[in-house]
Amino acid sequence: EPWSSFLTGTRGVNPGWDPLAFVVEECHKRGIDCYAWVNPYRWSHNSVDWSTAIDNSLKERGILLSWDGRTYHNPGLPEVREHIVKVCKEIITKYDVQGLIFDDYFYPYPVGGKEFNDEMWFKKDSRGIKDKGDWRRDNVNRMVDAVYNMIQEEKPWVRFGISPAGVSCTSAPHAAKYGIEPCGSGSDWQYNDIYSDPIAWIANHSLDYISPQVYWTIGYSTADFSIITPWWAKVAVKFNRHFYT
């Protein structure tokens, strides 16, 4: 990835020091593990036209798409999975991090009732999947699998986890697919809005731990911490994965 503009004011300019190397070193001096936090699909929060050599390469390869004034890596392309794996490999091989964690953003959120248009890529590489939602979730699952497999090959002691939205699997048919009880509180909007299925990653052992964003209070009527958190713990135990809320 290019050097961030937050370091020098200009994207792609080497500031002469390495912030991540500094953070890792200072963590280890204090006996603290350092996990790199990654947002795999987001390229730009706005419509800026970044133009470093790496940015231009991404554009030329056609792996970026714009939606609602933002730019994303297109989750439907194998080249995007390869790029994300490459970036994650760079992090774990060049830095002595103890783990990687992905943020909760996957497919772009629907905007104004409109879905972003990836029909062309769905038709081109449906892999026999008939429902576009299932295809999108499979794209995300394949990316997660690819990152996990790379870590096992390079540094299997580096732990990989994801911090998805706090509620998953509230529908009985979805839960039955994995042989678990549905989550008893909250709304699983992530399944059909951003095509994130965290239970697939847990059940398939595509990660070492799950760290859902359960930010709500005990007794909160819309999403109750005291119901959601034990549910996640039970699911993690069933599939022999770790759970950190």
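**Notebook: burial and charge pairs in a predicted model**

I began with Glu26, which is buried at a relative accessible area of 19%. The cut-offs I used are these: buried means under 20% relative accessible area, exposed means over 50%, and partly exposed lies in between, with a 1.4 Å probe and protein chains only. I noted that the model is predicted, that local features need pLDDT of at least 70, that side-chain atom pairs count only at pLDDT 80 or more, and that totals for chains, interfaces and linings use all residues. Residues are numbered from 1 along each chain as its sequence is written, and side-chain values use heavy atoms, with hydrogens and water left out.

**Entry on Glu26 and its partner**

I looked up which side chain meets Glu26 in a salt bridge. The partner is Arg30, at 2.8 Å from N to O. A salt bridge here is a side-chain nitrogen of Lys or Arg within 4 Å of a carboxyl oxygen of Asp or Glu. Arg30 is exposed, with a relative accessible area of 55%.

**Entry on the other salt bridges**

I found 12 salt bridges in the structure. One of them joins Arg11 and Asp55, whose closest N and O atoms are 2.8 Å apart. Arg11 lies in the loop between α1 (5-8) and α2 (19-29) and Asp55 in helix α3 (residues 53-60), so this pair ties together parts that are 44 residues apart in sequence. Helices (H or I, at least four residues) and strands (E, at least two) are DSSP runs, numbered from the N terminus. Asp55 is buried, and its relative accessible area is 0%.

I then turned to Glu90 and Lys94, whose side chains meet in a salt bridge of 3.8 Å, N to O. Both residues lie in helix α4 (residues 78-94), 4 residues apart, which is about one turn of the helix. Glu90 is partly exposed at 33% relative accessible area, whereas Lys94 is exposed at 60%. I also recorded a network in which salt bridges that share partners join Asp118, Glu119, Lys132 and Arg136.

**Entry on Lys155**

I located Lys155 in the loop between α6 (132-154) and β6 (159-162). Leaving aside neighbours within four places in sequence, Lys155 is in contact (heavy atoms within 4.5 Å) with Ile92, Thr93 and Tyr95.

**Entry on Ser66**

I placed Ser66 in strand β3 (residues 64-67). Ser66 counts as exposed, at 60% relative accessibility. I noted that the C-alpha atoms of Ser66 and Pro108 are separated by 9.8 Å, although the two are 42 residues apart along the chain.

**Entry on the whole protein**

I counted 10 helices and 8 strands in the protein. The radius of gyration is 19 Å, close to the 18 Å that the globule rule gives for 245 residues, so the protein is as compact as a globular protein of that length. That radius is taken over C-alpha atoms, and the rule is 2.2 Å times the number of residues to the power 0.38. The C-alpha trace spans about 50 × 50 × 35 Å along its principal axes. Of the 245 residues, 47% count as buried.
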